[in-house]
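Hello,

I am handing over the structure below. Please open it first, then read on for what was found in it.

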Amino acid sequence: MSIARKINDQQHLFSVDDSVNKRALIVDDDAVNRMILEGMLANSGFEVFSAEDGQQAIQKFIDHDPSVILMDIVMPVLDGYQATEKIKQLAGERFVPIIFLTSVTNEDELAKCVKVGGDDFLTRPYSQVILMAKIEALTRLSQLYRTIQDQRDEIDVHNEHMFREQKVAKKIFSNVVHEGCLDMPIIKYMLSPLSIFNGDILLAARTPSGGLNVLLGDATGHGLPVAIGAVSVSDLFYSLTENGATVDEIVLELNSKLKAILPPEFFFCACVLNISNDFRLLTLWHGGLPEVLIYSAEDRKLSHVIRSTNFPLGVVDNKLLKTDLHIFDLGKGDRIYLYSYGITEAKNIKNEQFTDERLLECFNEGKSVDEMFDHVLSRVNAFRGEQEQSDDLTFLEINADVDEAVEFSESHLTAAILPYPRDWGMSMNLTKQDFIETNPVSILTKFTTQVDGLMQHRENIFIILSELYNNALDHGVLDLDSTIKTEKDGFTKFLMMRHEKLLELDNHGYINITLEHSPTAEGGELLVHVEDSGKGFDYSAMDADMGLKLGFSGRGYPLLKSLCKEYRYAGAGNIAIVTYEWFKK
Amino acid sequence: MAISVSKSDDGNTVTVKLPNEFDFRAHKEFRDTHKNPGTNARYILDFSLTEHMDSSALGMLLLMREELGNDNARVRLINCRDNIKSLLEMASFHQLFDVA
């Protein structure tokens with residue numbers, strides 16, 4: 001506010017303000033000379049101070065802070081040159097005009113007046129009119145000087161303040177928009193921020209079942225609006241991932257949030273992807289970013305180039321947003337590449353862009369997967385040469401290698417804050433519409449882990465519920481054959497069949513999930529009872545070997561068996577019963 | 001920045017010729033082109049000079065659409081080069097604007 005006021009004042013700068021700061025210091029050893037000047041300046045409205053030599057002048061300058069000084073040269077004790085030098089030194093950054101009044105006519109002597117810091121000189125006999133005109137001109141200059149200095153000081157204070165606030169904001173920002181598990185060895189990335197809050201956002205988090213969710217966003221513009229959007233995106237992404245939400249659920253949540261909070265010209269081009277816990281299945285939603293690339297480790301070439309077919313996040317309402325998902329099987333060690341427009345729009349010295357053609361060429365040279373990341377970046381850098389970076393540049397590689405994906409420990413989990421019942425039971429009955437529209441596993445996991453101490457067992461709870469629910473749905477209600485999954489591209493096929501069968505399902509299909517929790521001295525016991533409308537199976541010969549014999553698709557069994565105190569089937573094989581015993585960590 | 005605006009004789013069709021690089025630097029000038037739209041105003045955005053555009057330009061287009069009444073906005077994008085078209089398509093903007 002005060003800066004605006006100061007700037008408005010500028011229009012008055014060029015007329016000398018009569019009311020303020022008219023103080024003159026007259027320095028002369030001749031009493032008559034002093035008297036003449038004193039009278040003249042007093043008549044012009046100046047408050048007048050006098051000094052008889054240079055030494056006195058310095059003291060009077062310190063005491064009275066004059067706005068203009070009239071200085072004689074030849075004086076006892078300290079002459080005008082020395083006094084001027086000292087006064088200018090004391091004045092520092094302030095502009096105090098000094099006019100020499102002298103009988104000296106020697107040009108060298110006059111030049112010296114300016115050299116020691118004088119601002120003008122007049123030789124005696126002088127014209128009163130000219131002297132007053134010079135005083136007025138220099139006073140005006142000094143006022144301009146002061147105003148500019150004041151403004152500069154004020155801007156400095158504001159800058160300092162803003163800088164501090166940005167530092168704090170950046171700290172808060174990086175706490176919320178943290179990197180999640182980007183430090184996993186299977187992830188390589190480069191982020192080069194253009195401003196404190198950059199336009200690109202890169203997030204990664206392990207899912208409760210041990211898979212990986214990644215989000216790359218490229219916002220329109222930079223700065224505060226983008227940062228606010230990024231905070232929401234990050235917050236939602238991490239909490240939804242933690243609760244086991246699917247890619248399309250995450251996309252819809254993010255979109256409705258961003259649409260609600262951002263002005264129309266701000267939005268996020270984004271890609272949200274999930275990699276399954278065995279790192280063999282990629283599910284991807286793509287809204288407005290450049291092509292996502294999958295490079296085959298075996299064939300040393302691109303196996304997929306995935307173009308965006310959706311709106312970016314925050315452009316249209318949820319009902320207009322398509323959640324088309326791309327689903328691909330991944331080979332071991334295949335690499336997935338995501339990047340922001342900064343890569344394809346990187347400019348060289350001739351203002352040409354790198355373009356997606358040049359980028360795709362990098363992948364056409366039969367390089368091994370291990371070389372690819374550095375190869376692409378060195379190409380981009382070589383292209384750019386000395387040209388300055390004009391956009392945020394983000395480049396990400398994910399290695400689909402389950403062996404390299406080391407255990408990720410989650411240390412930031414927080415337990416429920418409010419007391420929560422520990423002895424309870426609940427039941428949920430699900431039918432066709434629920435199978436299609438809801439994700440009961442994430443709802444139940446969220447609910448169950450509110451029990452004090454159970455939050456630390458969240459991954460296990462999620463795995464148990466998700467295995468049981470999916471088994472009941474896939475092999476019970478929908479009667480799908482899990483051996484399809486072992487075929488080449490089997491996952492994709494399996495998911496498509498699952499989708500079709502779901503739509504064909506009649507109204508008799510159901511799954512009933514019952515949970516019972518009871519506390520023990522060291523923790524508690526959670527009983528999960530899942531019944532489906534399927535025809536069941538012969539479980540009489542079931543043992544721990546079964547899962548292993550069945551290979552990957554039967555994995556759920558030995559996994560649950562190892563996690564749970566009890567895992568058995570009942571009824572016609574359409575009822576699964578699991579008891580999970582847990583201890584406070 | 002060189003955005004030039006021309007109006008048809010009846011004043012209903014406004015043709016806006018966009019600059020060589022359509023990005024955030026054109027923000028103010030672009031916004032001024034549709035500050036006081038007439039009730040029948042139809043806008044033609046001519047990209048014939050435009051070689052590059054960035055995502056903040058997409059934002060400006062979106063803002064224009066909103067200011068002209070969203071689904072009621074009549075905005076045509078003409079003479080788009082392939083790279084511009086591809087950028088618009090990646091963000092599904094061809095569903096919001098008439099792109100040629």
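Is A:Asp72 buried or exposed? A:Asp72 is buried, because its relative accessible area is 10%, and buried means under 20%. Keep in mind throughout that this is a predicted model.

**A:Arg124 and its partners**

A:Arg124 is in the loop between strand S5 (120–123) and helix H6 (128–176) of chain A. The side chain of A:Arg124 also makes a polar contact with the side chain of A:Asp28, at 2.8 Å. Leaving aside neighbours within four places in sequence, the contacts of A:Arg124 include A:Asn33, A:Leu101, A:Thr102 and A:Ser103.

**Other salt bridges**

Over all chains the count comes to 29 salt bridges. Side chains of opposite charge can pair when their charged atoms come close. Two further examples from chain A follow.

- A:Arg140 pairs with A:Glu136, with the closest N and O atoms 3.5 Å apart. Both lie in helix H6 of chain A, four residues apart, about one turn of the helix. A:Arg140 is partly exposed, at a relative accessible area of 31%. A:Glu136 is partly exposed too, at 42%.
- A:Glu566 pairs with A:Arg568, and here the closest N and O atoms are 2.7 Å apart. A:Glu566 counts as partly exposed at 28% relative accessibility. A:Arg568 counts as partly exposed at 39%.

**Where chain A meets chain B**

How many residues of chain A are in contact with chain B? The number is 25, and they touch 21 residues of chain B. The two chains bury about 1800 Å² between them, with 58% of it on carbon and sulfur atoms. On the chain A side, A:Pro264, A:Glu265 and A:Phe311 lose the most area to chain B. Together they account for 28% of what that side buries.

One salt bridge is found across this interface. A:Lys347 forms it with B:Glu21, and the closest N and O atoms are 3.0 Å apart. A network of salt bridges links A:Lys347, B:Glu21, B:Asp23 and B:Arg25. Seven residue pairs are in polar contact between the two chains. By class, the side of chain A that touches chain B has 10 nonpolar, nine polar and six charged residues.

**The cores**

The largest nonpolar core has 93 residues. A:Leu212, A:Ile336, B:Phe22 and B:Leu45 touch the most other members. Helix H7 (residues 224–242) of chain A gives the most to this core, with eight residues. Leaving aside neighbours within four places in sequence, A:Leu212 is in contact with residues including A:Met184, A:Ile187, A:Leu273, A:Phe279 and A:Ile398.

**Chain B**

Chain B has three helices and seven strands. From the N terminus on, the order is β-β-β-α-β-β-α-β-α-β. Of its 100 residues, 50% are buried. Take the contacts in chain B between residues at least 6 apart in sequence: 67% of them join residues at least 24 apart.

Best regards

Methods
Residues are numbered from 1 along each chain as its sequence is written. Chains are lettered from A and ligands numbered from 1 in the order in which they are written. This is a predicted model: local features need pLDDT of at least 70, side-chain atom pairs count only at pLDDT 80 or more; totals for chains, interfaces and linings use all residues. Side-chain values use heavy atoms; hydrogens and water are left out. Contact means heavy atoms within 4.5 Å. Buried area is the accessible area (1.4 Å probe) that two parts lose on being put together, summed over both. A salt bridge is a side-chain nitrogen of Lys or Arg within 4 Å of a carboxyl oxygen of Asp or Glu. A polar contact is a pair of N or O atoms within 3.5 Å; within protein, one must be able to donate a hydrogen and the other to accept it, and residues adjacent in sequence count only if both atoms are side-chain atoms. Ala, Val, Leu, Ile, Met, Phe, Trp, Tyr, Cys and Pro count as nonpolar, Asp, Glu, Lys and Arg as charged, and the others, Gly among them, as polar. A nonpolar core is a set of buried Ala, Val, Leu, Ile, Met, Phe, Trp, Tyr and Cys residues joined through side-chain atoms within 4.5 Å. Buried means under 20% relative accessible area, exposed over 50%, partly exposed in between (1.4 Å probe, protein chains only). Helices (H or I, at least four residues) and strands (E, at least two) are DSSP runs, numbered from the N terminus.
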